[in-house]
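Here is a short report for a first look. Please keep the sequence and the 3D view side by side while reading.

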Amino acid sequence: MKMTATADFLKGLPCYNENNFTRFHSDASSKVSVKRPSVYLPTKEYPSEQIIVTEKTNILLRYLHQQWERKNKKRESANEMEEGASAKKRPRLDTSV
Amino acid sequence: MAHNYVVTAHKQTAVTSCVTGNFTSSNDLNLIVAKNYRLEIYLVTPEGLRPLKEVGIYGKIAVMKLYKSGNDKKDSLFILTQRYNAMILECSGEGENMEIITKTQGNVADKIGKPSETGIIAIIDPDCRVIGLRLYDGLLKIIPLEKDSSEIKAYNIRIEELCIQDIAFLYGCANPTVVIIHQDAHGRHVKTREISLRDKEFAKTSWKQDNVETEASMLLPVPEPYGGALIIGQESITYHNGQNYVTIAPPIIKQSTITCYGKVDPNGSRYLLGDLAGHLFMLVLEKEEKMDGTVTVRDIKIELLGEVSIPECLTYLDNGVVFIGSRFGDSQLVKLNVTPDENNSYVTVMETFTNLAPIVDMTIVDLDRQGQGQLVTCSGAYKEGSLRIIRNGIGIHEQASIDLPGIKGIWALKMGFSGNQSVDDTVVLSFVGQTRVLMLNGEEMEETEIPGLISDQQTFFCGNVGKDSVLQITTGSVRLISVNTKQKLSDWTPPDGKMLNVVACNHGQVLCAAGRDLYYLEMEDDTQVILKSHITLDYEVACLDLTPISVGSQHNPSITTADVCAVGLWTDISARILKLPTLEEFHKEPLGGEIIPRSILMALFEGTPYLLVALGDGSLFYFSMNPVTKLLGDRKKVTLGTQPTVLRPFRSQSTVNVFACSDRPTVIYSSNHKLVFSNVNLKEVAHMCPLNSEAYPDSLVLATDTAVTIGTIDEIQKLHIRTVPLGESPRRIAYQENTQTFGVITSRVDIVESSGLTPARQSASTQAQSVSSSSSLGSAIKAPVSTRDSCGSGGVAEIGQEIEVYNLLIVDQHSFAVLHAHQFMQNEYALSIVSTRLGDDVNPYYVVGTALVVPEESEPKQGRIVLFQWSDGKLTTVAEKEVKGACYSLVDFNAKILAAINNVVRLYEWTAEKELRLECSNFNHIIALYLKRKGDFILVGDLMRSITLLQYKTMEGSFEEMARDSNPNWMSAVEILDDDTFLGAENSFNLFVCQKDSAATTEEERQQLTEVGRFHLGDMVNVFRHGSLVMDHAAETLSTPTQGCVLFGTVHGAIGVVTQLPTEFYHFLSEVQTRMARVIKPVGKIEHSFWRSFATERKVEPCEGFIDGDLIESFLDLSSDKMKEVANGLQIDDGSGMKREATVEDIIKLIEDLTRIH
């Protein structure tokens, strides 16, 4: 039973091109491959389209900047709120009771 | 002299990484294999793997990944090198026009940061938004994958978890999300972190799992619809996706450690896993569909498929075929079968790829006594351990031999004796004044007569022509004989009773010469030969050829006719090309000199026609021949032997090769469109013909002065590697000429069981013809650990624990059979071996140095030096000496023994009482690991204090420290180049050369070794040995003045050569190197000077005093206009001391000669 279970494991293995490896035959005597790819010698210049550079900013500085900006933003929005609120606020006229 | 030339003789073979995808085109399925700093690109075809290109990278490849971004049909290749050069490569064009284009590149190193101990990890987001790099502890570097911008800004984000075991990107996340295994004081934990690309920070942790298995080491992200990740541990496998998790702890994975995986199905429901024992597993995720249509993982199943080479990486290709990349053994192409074989394995090996790595030790021996070294390496480890015999040149394997002196020519015929007309069954032998015929009857040969053949004259040619005729040319006539009736059909005799002395023939054309007269004949109707033309040449004919060489003739030589013939002449020493049938001369090539041409041959190598002319002094001219005009060009000369040479064509694996018969027989073939001259392991061959008979298929008949041999020939390639599997790790090797044996130290893994130690598997030491063992009972020292039982079961070791057991194997030099295995004591590690004679004793001994290893000790405190004698099939322990530490190295020293023991170098003498007695010692080392000697000088390689030079003072009987290198190099191998120059290899993959300055004015300066050479090899050297893989004579005949030759073997399985150059030549090559570095545009745009700069963790210094032979020799593969670009304006010394402009031909000649030193 175990054997059939494993065999199921191996059923329906992916196939991208059904012909691949179908005509494979190695010498019965030696399975050692001696084929070697030829060496690629690039002599044509292709300008690199993209260059990776590392951001120079120090991690801590970036963090502090972010915090500062965040705080600033908060304060600004808070200020805005305050200002806006104050602008829209109308003095209570009926202060006197 | 401090000018060195370093070149690879055998490229590295250990596979470090492999990937599959559509790289060369959207329709191509490619396998890309990384071998240290080279990539090999293969195409998956119906016939199997087809090699496409090898691509060199100027950096050790740390990570290689293929990915398909967005709507791309083709994969891009991401590579990161050990020195932090990142690149994204794409492929364009096909076949020979294939170009690798570096789309993106840059160095991603940080100035500060502690490189992670778990190595470089690079991961690519499944949606290709970012690449993540874990280079330094505490940081994750993010490379955003933006296609359109010309600059990509990579940035670091802080990662709280310092000790990260593995990291991966999860599938199906709105923002790139990593999952990590990290370790802290409490154990290992798994955690996910979402990356906020806008804030360049980690955002939230969507799920985590504390305290997973303590040995959990690998993460496999699972694609959707499951999502989540598999966590692979030593004993268990867990699937987790935040909501649910499944854990299994199958016993079959406990035996070893799973180290690599390959995804089988694109949806991630099956994975292949490989472990350190070479087990291949299939892991299956069993799914469960929920009511709402979602699927989850219900269970994990794992099954053992079978055993493969110990995998470093593996990848599923197509139709059940998997590539297994290995560092410790041969890589493999395997097929997975649905039904198991008789061994219950579902795996069949289809193809293996030879791997020498790691080369742990090696020795150079001349087993054939041909004046040519063979290398025997200790290669591989664990079950893949083997000895490899590496030989340059081509081997002939003798099948049959008969004594027959005085042979002047041999030819094989198809006479149809056996009724089979398609195989050779007859050999015609020519002698002075007579011709004899041998009939092949199975493996037997018997003399016979063919009525139609002339037997009382010397034959110049005999062969099958036309449909069923045989042509024989003797001194007096050209005659045709019928294969069917064996009777003469017709003949032609030269006019005026002239005697023929030189002839040539193909399937339908005949040329014969009598002195200055040249006759051209053609066959007609298969029954007669007709004289077509005749001329009288200026001088007597020395040699002739009319092999058809029009393109296409290589496929069917029998139907093509030659339209030109080649003639070599006496007196004016020239080669001429004549038109057929008119015999009109249209090209004349004076050869110069006074040596007459003895053999001339036209041959088509890889589609290119060549003319070869061999002279009477063993030298050979070769020309390329224009396929249309048949004019000669590119004249070159090589020296093959010292005697007249006869050139004979033969076919091997359907390609044309030429056998040059001489006192140094050579096979000439073409590789990569260059002619290669490969020597043959025979002393002398006078004549040769190919033979393809029933009993001797695809063979050669070779005649020497005294005998005829039938043999088969190795596959035509430069280096031949023979494997002797051991099944356990070979550590050290020594050769003993007297006993014709090798002494090999091996280690195998035994498992502690209640009954004692049991080998984990059968291997060389368990299957030896006889065995013995060292027992601590009779030994001078007591094994410190196994106190309860002196020589057997581990008193302390736990049951089930794996223990290394060391053996000395005595291996026969011819059969490589293990004649004897001597097992050392438990916990005794054999570390060094040397074969030597000692004192006045005439017996050769194997001397082995050992250490008793106790886990609690920081370094061994005890060890032994043991002397063994192998004689009459018995191994005897002659003497042993207790030493206070590990004996890392042993060297024979004027009939004494020099040993490196922990931090001390000691000299032992051999007394008349057959005892080793300490003579003197030198301290002042951290750990002395390597020793080399030359005369009275001793070079010591230290663990971390570079190299030290000692001198033995004979009079005082003591060591004196002469000089030392004060750089903190961690050594991996050392060698003495000459009295003043020393070569070292260190553990950051660099080579360096130090020089002693004896003429320095101050004592202090004299005691300093000056570093004069530095080179980044990119591979770790384990062993240096003086010696060469090519024939001794080869160097004499070369124009390049190299001096000395040191071979090295590396961790990645490369064999290299270091040789020394004179200053003048060094500067010339240095200029060529600079120009080559400009002409070759490196893949990934890493500068050659950066690649070869000496780099350690502490410093980077420019390369100096070394020429990169690999770069120099790639000149020969350049196109002619690029060669011109390199040569342009280069000054060369033509030997007279005057400088002139170098031509492309000058440089080709020089570099071709350089390639012949390896």
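The notes below take chain A first, then a sheet and a helix pair in chain B.

## The model

This is a predicted model.

## Chain A at a glance

Chain A has 2 helices and 3 strands. Along the sequence they run α-β-β-β-α.

Chain A has 97 residues, and 22% of them count as buried. The chain exposes about 8000 Å². Carbon and sulfur atoms supply 56% of that area.

## A sheet in chain B

Strands of a sheet pair through backbone hydrogen bonds, either parallel or antiparallel. In chain B, an open sheet of 4 strands has the order E43-E44-E45-E46, and its pairing is antiparallel. From one strand to the next, the twist averages 20°.

Look next at E43(B) and its partner E44(B), residues 509-514. Their antiparallel pairing covers 4 bridges. Val503(B) has Cys512(B) in E44(B) as its bridge partner.

## Two packed helices in chain B

Two packed helices are described by the angle between their axes and the distance between the axes. H3(B) spans residues 1063-1079, and H7(B) spans residues 1144-1155. They pack at an angle of about 110°, with axes 13 Å apart. Angles of 65 to 115 degrees count as roughly perpendicular, so H3(B) and H7(B) are roughly perpendicular to each other.

Which residues meet? From H3(B) come Phe1065(B), Phe1068(B) and Leu1069(B). They meet Ile1147(B), Leu1150(B) and Leu1154(B) in H7(B). The contact residues divide into 6 nonpolar, no polar and no charged.

Conventions:
Residues are numbered from 1 along each chain as its sequence is written. Chains are lettered from A and ligands numbered from 1 in the order in which they are written. This is a predicted model: local features need pLDDT of at least 70, side-chain atom pairs count only at pLDDT 80 or more; totals for chains, interfaces and linings use all residues. Side-chain values use heavy atoms; hydrogens and water are left out. Axes are lines fitted to C-alpha atoms, for helices over the stretch in contact, and angles run from 0 to 180 degrees between N-to-C directions. Angles under 35 degrees count as roughly parallel, over 145 as roughly antiparallel, 65 to 115 as roughly perpendicular and the rest as oblique. Contact means heavy atoms within 4.5 Å. Ala, Val, Leu, Ile, Met, Phe, Trp, Tyr, Cys and Pro count as nonpolar, Asp, Glu, Lys and Arg as charged, and the others, Gly among them, as polar. Two strands pair if DSSP finds at least two bridges between them. Buried means under 20% relative accessible area, exposed over 50%, partly exposed in between (1.4 Å probe, protein chains only). Accessible areas come from the Shrake-Rupley method with a 1.4 Å probe; for residues, only the protein chains shown count as cover.
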